Amino acid sequence: MKVMDLYKKWKAYESLPEPLHNELEAVAGDEKEIAERFYRWLEFGTGGMRGLLGAGTNRMNRYTIRRVAEGLARMIEDHGPGAKQRGVAIAYDTRYQSREFAMETASVLGAHDIRAFVFSEPRPTPELSFAVRELDTFSGVVITASHNTKEYNGFKVYGEDGGQLPPEKVSTIVHHMEAIQDIFSIEALPEKQLRKNELLTMLTEGMDEIYQRNLQTLKLGDFPRDEVKIVYTPIHGTGNVPVQQALKNYGYTNVTVVPEQEQPDPAFSTVQYPNPEEEESFRLAIQLGAKLDADLLLATDPDADRLGAAIALPTSGYDLLTGNQLGALLLNYLLEQRKRSGTLPDKGVLLKTIVTSEMGRAIASEYGVETVDTLTGFKYIAEKIEEYNKTHEYEFLFGYEESYGYLIGDFVRDKDAVQAALLTAEAAAYYKSQGSSLHAELQKLYKKVGYYRESLQSITIQGKEGAEKIDQLLASFRENPPTELAGMKVTTIEDYETGTIHSMNGTNQKTTLPQSNVLKFRLEDRSWCCVRPSGTEPKCKFYFGVRGNSGMDAVNKCDALEQSIMTIVQRLL
């Protein structure tokens, strides 16, 4: 159906909620805006389906939620009565309409006689992953837009292993979604009927308690924890209750929560962007930390799957760690403690993504631990965990990605900021008890394995035109790949869309990873650059990684590589 026909159909629908109808009235005559809202259906990316709230097929609203829930329901039906009886666990964050979208999902599932287990209050994404495994549900859903701004919401789907669905399984849901002829005809049972038919179970504090008990198993050392001073902010999200409870259970008595950011707020009114990767998100925590002379500042994003950390500097002030730096510190501390206690396995494995620092591989090698790379997206790390648990080829020790995602205990199969907060606090407490600090330990690591540095550049191009330009950009890099970057020869090109690794000496081999629209260039000095479109935002991302002989050497190398690639990008755009 054409864009204008869809617009007219939505506008004429008698049961369309007044806010959505008013939105469509407001854009009448604005062909560009109408096209933006109706030129496509929201698509699944690396983090599920995510988009702006509002009216239209390319927006998050009651009807696009029903469409994806219907696709999920039909997929579950394909697996028979047993799958329907096992049902779906559903969680949601603190965003606008999150609870409403969760109940809409349960209502559509209920129309297919599929049970839904819905959290009664906002809860983190990792707790949803845990609940899927604990309840043995067939699937899971979390309503969240992660760290996006307040205008967004999203829909993530999980498999029975507790990991996000990989592309091949998502394609089945998409196939069913595309078969829906009329979005307004999708059946959804009212909540009263769901309860009457015993198709709705509300999850309460009981699941929190079980999750917290599992967190207790991650404790690595026994030493004083009340000396380390911690400031924590949930940035108005779901991390507040579980992170505070977990730290208390571990014996941290010197924890202060940023009061202005403690309570849920869908407007995220104290920040522009509720992302712990951004220094602005730490502004209030830094101010409070300075007053309290805190050792460690922690921040979780709205659905508490990402953790950011700022560490005290020797004189004054705080250093906001990158995801790669925090990952290196956590990995080293974990392996150090496991080796000390004699619990480091012979076949341990570190799992990281292809855009994550090579520093992790260097650290793992020091302890005799293998490193395995996956595509970007924690679902691929979850897949590997499940695989190794079955084959016993390796024992999972730690998984992480540069975008502030970490996992220690595999009772969760997605990145878990609560787990990461506990391990970061423990490392800070341990090193302080030894007369050291996280900052000092990071400097020791650099001296030991090398001065690694990474960076990320993104270009954002909104709408249909933007998506086309990003596709053209990737095509240009494929058709005319650079042979030299920052004065260094490109030695290999890894193209994950074609599944080939092309060496400049003329040899080719196959990649071992799934198909994905990603290019990675490796240079003669072991530097690298990776290009990929974002799976959840209208962005193309450029990742850079280098290893220097000193901190300044690494900075200069990274800056030169960045400039080299971005000059090409500007020319292509």
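Cys 558 is buried in this predicted model, with a relative accessibility of 1%. Its sulfur lies 9.7 Å from the closest cysteine sulfur, that of Cys 529, which is too far for a bond. Cys 529 is likewise buried, at a relative accessible area of 0%.

**Cysteines**

- The number of disulfides comes to 0, the criterion being a pair of cysteine sulfur atoms within 2.5 Å.
- Cys 529 takes part in no disulfide, and the cysteine sulfur nearest to its own, in Cys 530, is 7.1 Å away.
- A disulfide is a covalent bond between the sulfur atoms of two cysteines.

- Four strands form an open sheet in the order β14-β13-β15-β16, and their pairing is mixed.
- The edges of this sheet are β14 (370-374) and β16 (405-407), each of which pairs on one side only.
- On average, neighbouring strands of the sheet are turned by 20° against each other, direction ignored.
- Strand β13 (residues 348-353) pairs with β14 in the parallel sense, over 5 bridges.
- Lys 352 stands opposite Asp 373, which belongs to β14.
- Helix α15 (residues 378-391) lies across β13, β14, β15 (395-401) and β16. The helix runs at about 160° to β13.

- Strand β19 (residues 488-495) and β20 run antiparallel and are joined by 4 bridges.
- Glu 494 stands opposite Ile 501 in β20.
- The hairpin of β19 and β20 has 4 residues between the strands, and Gly 499 in this hairpin takes a positive phi near 75°.
- Strand β21 (residues 508-510) runs antiparallel to β20, with 3 bridges joining the two.
- Thr 500 has Lys 510 of β21 as its bridge partner.
- β20 and β21 also form a hairpin with 4 residues between them, and Gly 506 in that turn has a positive phi of about 105°.

**Helix α8**

- Helix α8 (residues 167-178) has 12 residues and reaches 16 Å from its first C-alpha to its last, close to the 16 Å expected at 1.5 Å a residue.
- The buried residues in α8 include Val 170, Ile 173, His 176 and Met 177. These residues are on the same side of α8 because they cover an arc of only 115° around the axis.
- The exposed residues His 175 and Glu 178 are carried on the face of α8 turned away from its buried side.

**Arg 123**

- Arg 123 is placed in the loop between β4 (116-119) and α7 (125-135).
- At 8% relative accessibility, Arg 123 counts as buried, because this value is under 20%.
- Leaving aside residues up to four places away in sequence, Arg 123 touches Ala 91, Tyr 92, Asp 208 and Thr 238.

Terms used. Residues numbered from 1 in each chain as written. Predicted model: local features only at pLDDT ≥ 70, side-chain atom pairs only at ≥ 80, totals over all residues. Heavy atoms only, no water. Pairing = 2+ DSSP bridges. Axes fitted to C-alpha atoms, helices over the stretch in contact; angles between N-to-C directions. Contact = heavy atoms within 4.5 Å. Buried < 20%, exposed > 50% of the residue type's maximum accessible area, 1.4 Å probe, protein only. Expected span 1.5 Å × (residues − 1). Arc of directions from axis to C-beta.
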